[in-house]
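Here is a short report on one protein model. Keep the structure in view as you read.

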Amino acid sequence: MTDALPAARGAVVVGGSRGIGRAVAELLAANGAGVVVNGRDPDAVDEAVGAIAGSGGRAIGLAGAAHIEANAVALMQACREEYGSVDVLINCAGVAEPAGSSILTVSTAQFHDLIDAHLGTVFQTCRAAAPIMVEQRRGSIVNSGSVAFLGDYGGTGYPAGKGAINALTVAIAAELSEYGVRANVVCPGAKTRLSTGSDYEAHIRDLHARGLLDDVSMAASLNPAPAEYVAALYAYLAGDLAAGVTGAVFLASGGFVGRFDRQIPAVLGYRDHQSAAPWSIDELHAMVTKS
């Protein structure tokens, strides 16, 4: 056990019944936290709770889609009632892009389902947790993004939702810092049910053949490490050792841990609008191509 996460604290792990979320929930419980495990499948939630309890940890389960407001609120209420506080919110829920999905094929309904599952879940759970954490004057939110937001993996609602999670989390960190509440993102890579199977492997090889993924990225995508390798970063960000870390976007995949630099615009040109005419199209072209 580590002093990073005091035993009295309560944690909600959305998507905690399987994959990365399950590994995070187990690690938090092993370090003394009381955990509320959430997932859409009640049987998977019950199995995860039983495994944590069987290992000597404290856990309760609450199944349901967390992008639904009532379910998100119920998760925070359950954590507060069971453990006395909501000190940690971990968002690990996710669904895969439909096979072969692209802007040329995705339906409006499919796109909205993806946005709800990712961005909607983070929005509703953060909105439910934030007032409690502000009242407590402490709390840590760790949301799951994805390097898919860079566009390398194609897709539609998945990269859009994950990219929006990055932006929303950074904004939440800025809004809540004065109250002692932190918010960070982890873009994880691990072997889960979403990153295994013949369909997934065919998708990765197709992206490589189309030039979207380089050789290294393809190899890493086809042979990801177990979820336990990324769970530790979530647990670190949840605990007191990371008290000064907020508004950051991290990467974790197998033995690799990284952090995205904050985006800063590179100046291509400047002129004073009070004394000069707007840029011409030719001038803009010259600046952009020169850069």
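Axes here are lines fitted to C-alpha atoms, for helices over the stretch in contact, and angles run from 0 to 180 degrees between N-to-C directions.

This is a predicted model: local features need pLDDT of at least 70, side-chain atom pairs count only at pLDDT 80 or more, and totals for chains, interfaces and linings use all residues. Residues are numbered from 1 along each chain as its sequence is written, and side-chain values use heavy atoms, leaving out hydrogens and water.

## Helix α1 and its two partners

The crossing of α1 with α8 is right-handed. That word applies if the near helix is turned clockwise from the far one by less than a right angle; anticlockwise is left-handed. On the α1 side, the residues that meet α8 are Ile20, Ala23, Val24, Leu27 and Leu28. Among their partners in α8 are Val230, Ala231 and Tyr234. The residues of this contact divide into eleven nonpolar, no polar and one charged. Ala, Val, Leu, Ile, Met, Phe, Trp, Tyr, Cys and Pro count as nonpolar, Asp, Glu, Lys and Arg as charged, and the others, Gly among them, as polar.

Now take α2. Helix α1 (residues 19–30) packs against α2 (residues 42–54) at an angle of about 30 degrees, with axes 10 Å apart. That makes the two roughly parallel. This crossing is right-handed too: α1 passes α2 that way. Arg22, Ala25, Glu26 and Ala29 in α1 meet Glu47, Ala48, Ala51 and Ile52 in α2. Here the residues divide into five nonpolar, no polar and three charged.

| Helix pair | Angle | Axes |
|---|---|---|
| α1 and α2 | about 30 degrees | 10 Å apart |

## Two residues

Is Ala25 buried or exposed? At 0% relative accessibility, Ala25 counts as buried. Buried means under 20% relative accessible area, exposed over 50%, and partly exposed in between (1.4 Å probe, protein chains only). Ala25 sits in helix α1. Beyond its neighbours within four places in sequence, Ala25 is in contact with Val13, Gly16, Val35, Val37 and Ile52. Contact means heavy atoms within 4.5 Å.

Arg137 counts as exposed, at 51% relative accessibility. Arg137 lies in the loop between α4 (108–136) and β5. Its phi is positive, about 65 degrees, although Arg137 is not a glycine.

## The sheet and the whole protein

The protein has nine helices and eight strands. Both are DSSP runs numbered from the N terminus: helices are H or I, at least four residues, and strands are E, at least two. Eight strands form an open sheet with mixed pairing, in the order β3-β2-β1-β4-β5-β6-β7-β8. Two strands pair if DSSP finds at least two bridges between them. The edge strands, β3 (58–63) and β8 (256–259), each pair on one side only. From one strand to the next, the twist averages 20 degrees.

Strands β6 (residues 181–189) and β7 (residues 249–253) pair in the parallel sense over five bridges. Gly189 has Ser253 in β7 as its bridge partner. Helix α8 (residues 228–238) lies across β4, β5, β6, β7 and β8, and runs at about 175 degrees to β6.

Of the 291 residues in the protein, 45% are buried.

How values were computed:
Angles under 35 degrees count as roughly parallel, over 145 as roughly antiparallel, 65 to 115 as roughly perpendicular and the rest as oblique.
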